[in-house]
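This briefing covers one protein chain, grouped by topic. Please keep the sequence and the structure open while reading.

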Amino acid sequence: MAYTSRDDLNYLGMLFQVGDKKTPFLNAVGGLGSGATTNTFEFPLGQKYSVATGSQPAITEDASVGSQTATTVTRSQVYNTTQIFQECYEVSYAKESTFGNMSGLNLNGNNPVTSELAFQRMSAMKKIANDLNYSILRGTYQFSTGKTVAPKTRGLVTAITTNAINASSAKLDKDLVDALLIAMSNKADFANMVFICGAYQIAQLNNIFAFQPMSYNVGGTAITKIVTNYGEMGVMFEPNLATTELILADMDKIRMIYTPVKGKIVVDEPLAKVGASDKNQIYLQAGIDYGIEEYHGKITSLLDS
């Protein structure tokens with residue numbers, strides 16, 4: 001098989017989602033089974049513009065029929081880029097034909113891996129999934145100006161600049177959460193909001209919003225949804241976030257973007273044969289479309305211990 005078809009993409013998407021829990025953000029935006037395509041590396045996220053805040057006009061009849069001064073609203077285009085993800089894997093004929101060889105402690109004398117090539121392929125796909133998850137979350141933008149300059153997608157954490165609160169090493173509390181919501185209320189749609197954070201901060205969210213129903217034999221809480229004046233918001237654990245960060249993301253505004261190769265999103269192909277081995281590569285060009293960054297917010301420099 002030279003290329004992975006769109007039909008086979010569902011299998012890859014499933015593998016990345018259920019096969020490796022290290023990529024929750026990638027899974028949440030649809031894995032590799034959803035998104036849009038572009039025939040360039042750089043792609044537009046949208047246009048930013050601002051309109052003056054409301055006020056009461058005082059226009060006389062004479063002024064209304066006189067010469068008027070036009071107001072022009074200017075727009076600026078916001079961009080991101082897809083980038084290259086590539087993993088090669090190789091298995092010798094000897095290794096592939098002797099998968100029955102085992103060392104160490106073995107269960108029932110059976111090797112759970114019956115195809116070394118398939119195992120290496122799966123491992124390569126998981127590595128790409130991990131790299132992709134990290135990049136769309138924490139990647140730093142770099143536009144490729146030539147073949148010697150690597151394109152790098154801008155991740156969601158890096159993108160958020162407007163609704164960014166510096167906690168100055170304070171512990172996460174309701175005041176900080178409220179401050180973030182208030183800051184975002186100016187432009188965010190609050191369509192499908194999810195708090196995204198690591199283990200320590202998700203524990204703090206649980207402590208802040210936990211309500212223990214009366215029970216004589218059940219204890220503990222596991223907050224997965226928070227009710228606010230701006231709507232209900234989910235809670236998602238993401239181990240790739242810094243321990244001092246918390247993101248509030250509108251998941252309806254986020255999607256994957258791919259730059260296909262010969263009409264295919266994922267390339268899975270053999271490389272030139274040299275000697276007694278099979279050498280293959282998995283290759284794709286992908287990035288993230290997070291819309292306008294004002295739809296999202298973050299708290300940084302939180303206490304994490």
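Of the contacts in the chain with a separation of 6 or more, what percentage is accounted for by residues 24 or more positions apart? The share is 79%. The model is predicted, and its chain averages a pLDDT of 86.

**Overall layout and confidence**

- The chain is built with eight helices and 14 strands.
- Of the 305 residues in the chain, 39% are buried.
- A pLDDT of at least 70 is reached by 86% of the residues.
- Residues 1-8 have a pLDDT below 50, and in the model this stretch makes 25 contacts beyond near neighbours in sequence.

**Nonpolar cores**

- In soluble globular proteins, nonpolar side chains tend to be buried together.
- Here the largest nonpolar core has 39 residues, and those with the most contacts inside it are Phe-25, Ile-196, Ile-247 and Ile-254.
- Helix 5 (residues 116-138) provides the largest share of this core, with seven residues.
- Another core lies apart from it and holds 21 residues, including Ala-188, Phe-190, Phe-195 and Ile-226.
- Leaving out residues up to four places away in sequence, Ile-196 touches Phe-25, Met-236, Glu-238, Leu-241, Leu-246, Ile-247, Ala-249 and Met-251.
- Two of these partners of Ile-196, Phe-25 and Ile-247, are also listed with Ile-196 among the residues with the most contacts inside the largest core.

- Leu-26 belongs to helix 2 (residues 24-28) and is buried, its relative accessible area being 0%.
- From Leu-26 to Asn-133 the C-alpha to C-alpha distance is 5.1 Å, although the two are 107 residues apart in sequence.
- Helix 7 buries Leu-176, Val-177, Leu-180, Leu-181 and Met-184.
- Viewed down the axis of helix 7, these buried residues fall within an arc of 135°, so they line one face of the helix.
- Asp-175 and Ile-182 are exposed and sit on the face of helix 7 turned away from its buried side.
- In helix 8 (residues 199-209) the buried residues are Gln-201, Gln-204, Leu-205 and Asn-206.
- The buried residues of helix 8 pack against helix 7, strand 7, strand 8, strand 9 and strand 10 (246-250).

**Aromatic rings and charges**

- The count of aromatic pairs comes to one.
- That pair is Phe-190 with Tyr-230: the ring centres are 4.8 Å apart and the planes stand at 25°, under the 30 degrees that counts as stacked, so the pair is stacked.
- Phe-190 lies in the loop between helix 7 and strand 7 (193-197), and Tyr-230 in the loop between strand 8 (225-228) and strand 9 (231-237), so the pair ties together parts that are 40 residues apart in sequence.
- Phe-190 counts as buried, at 13% relative accessibility, while Tyr-230 counts as partly exposed, at 30%.
- Two rings have a charge placed over them: Arg-154 lies over the face of Tyr-141, 4.2 Å from the ring centre, and the charged end of Lys-253 sits over the ring of Tyr-295, 4.9 Å from its centre.

**Backbone: positive phi in loops**

- Ser-169 is not a glycine, yet its phi is positive, at about 65°.
- The position of Ser-169 is the loop between strand 6 (164-166) and helix 7 (174-184).
- Ser-169 has a relative accessible area of 53%, which is over the 50% cut-off, so it is exposed.
- Lys-262, a residue other than glycine, also has a positive phi, near 55°.
- The loop that holds Lys-262 runs between strand 11 (255-258) and strand 12 (266-270), and Lys-262 is exposed, with a relative accessible area of 70%.

**Strand 14**

- Thr-300 is part of strand 14 (residues 297-300).
- Thr-300 has a relative accessible area of 18%, under the 20% cut-off, so it is buried.
- Setting aside residues up to four places away in sequence, Thr-300 touches Ile-165, Asn-166, Ala-167, Ser-168, Thr-244 and Glu-245.

Methods. Residues numbered from 1 in each chain as written. Predicted model: local features only at pLDDT ≥ 70, side-chain atom pairs only at ≥ 80, totals over all residues. Heavy atoms only, no water. Core = buried A, V, L, I, M, F, W, Y, C linked by side-chain atoms within 4.5 Å. Buried < 20%, exposed > 50% of the residue type's maximum accessible area, 1.4 Å probe, protein only. Helix = DSSP H or I, 4+ residues; strand = E, 2+ residues; numbered from the N terminus. Contact = heavy atoms within 4.5 Å. pLDDT = per-residue confidence, 0-100. Arc of directions from axis to C-beta. Phe/Tyr/Trp six-rings, centres within 6.5 Å; stacked < 30°, edge-to-face > 60°. Lys NZ or Arg CZ within 6 Å of the ring centre and 35° of its normal.
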